[in-house]
Amino acid sequence: MRSTFTTRDGSIWMPEYLTAIDARTCIGCGRCFKVCSREVMHLHGVDDAGEILGACDGEDDDFDGELNRMIMVVDHAGRCIGCGACARVCPKNCQTHVAADHVAA
């Protein structure tokens with residue numbers, strides 16, 4: 001696997017892929033989702049016990065009154081192209097990114 005690339009101006013660039021989002025830190029603001037062109041992550045509901053209830057469909061789903069808060073969950077990690085846009089907009093720095101040469105194929 002090739003781990004470094006050259007940009008149009010000749011600069012070396014190494015992708016860093018999103019592998020996880022810390023559910024304890026994420027505030028579910030959705031900024032990362034909005035800048036991701038690949039739909040790598042989605043909002044999920046969480047109950048009072050911290051259990052993930054499922055994906056939020058945007059229709060004010062309250063999961064039968066059990067919804068406590070929302071968080072982002074990486075549900076399509078293989079779609080990530082390693083651009084880092086999500087990391088640049090995250091106000092809580094709750095994402096884990098791994099360099100291309102450390103990601104299993």
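Visitor: Is Arg24 buried or exposed?

Guide: Buried means under 20% relative accessible area, exposed means over 50%, and partly exposed lies in between, with a 1.4 Å probe and protein chains only. Arg24 is exposed, at a relative accessible area of 74%. Please note that this is a predicted model, in which local features need pLDDT of at least 70 and side-chain atom pairs count only at pLDDT 80 or more, while totals for chains, interfaces and linings use all residues. Residues are numbered from 1 along each chain as its sequence is written, and side-chain values use heavy atoms, with hydrogens and water left out.

Visitor: Which side chain meets that of Arg24 in a salt bridge?

Guide: A salt bridge is a side-chain nitrogen of Lys or Arg within 4 Å of a carboxyl oxygen of Asp or Glu. Here the partner of Arg24 is Asp22, at 3.2 Å from N to O. Asp22 is partly exposed, with a relative accessible area of 26%. The structure holds one salt bridge.

Visitor: How many disulfides are there?

Guide: A disulfide is a pair of cysteine sulfur atoms within 2.5 Å. By this rule, the count is zero. For Cys36, the nearest cysteine sulfur belongs to Cys86 and is 6.6 Å away. The sulfur of Cys86 has its closest cysteine sulfur in Cys80, at 6.2 Å, which is too far for a bond. Cys86 counts as buried, at 9% relative accessibility.

Visitor: Which residues lie nearest the centre of the largest cavity?

Guide: Rolling a probe the size of a water molecule over the atoms shows where empty space is left. On a 1 Å grid over the protein atoms alone, a cavity is a set of points where a 1.4 Å probe fits but cannot get out, and lining residues have an atom within 4 Å of a point. The largest cavity is lined by 14 residues, and Cys36, Val40, Cys80, Cys83 and Cys86 lie nearest its centre. About 100 Å³ of space lies in this cavity, a volume being the space filled by probe spheres set on the points, which are joined across faces, edges and corners.

Visitor: What is the order of the strands in the open sheet?

Guide: Strands (E, at least two residues) are DSSP runs, numbered from the N terminus, and two strands pair if DSSP finds at least two bridges between them. The order is β5-β4-β6, with antiparallel pairing. The edge strands, β5 (52-55) and β6 (69-74), each pair on one side only. Three bridges join β4 (residues 41-46) to β5, and Gly45 has Gly54 in β5 as its bridge partner.

How values were computed
Helices (H or I, at least four residues) and strands (E, at least two) are DSSP runs, numbered from the N terminus. On a 1 Å grid over the protein atoms alone, a cavity is a set of points where a 1.4 Å probe fits but cannot get out, and a pocket is an open set with protein on both sides within 12 Å along at least five of seven lines; lining residues have an atom within 4 Å of a point.
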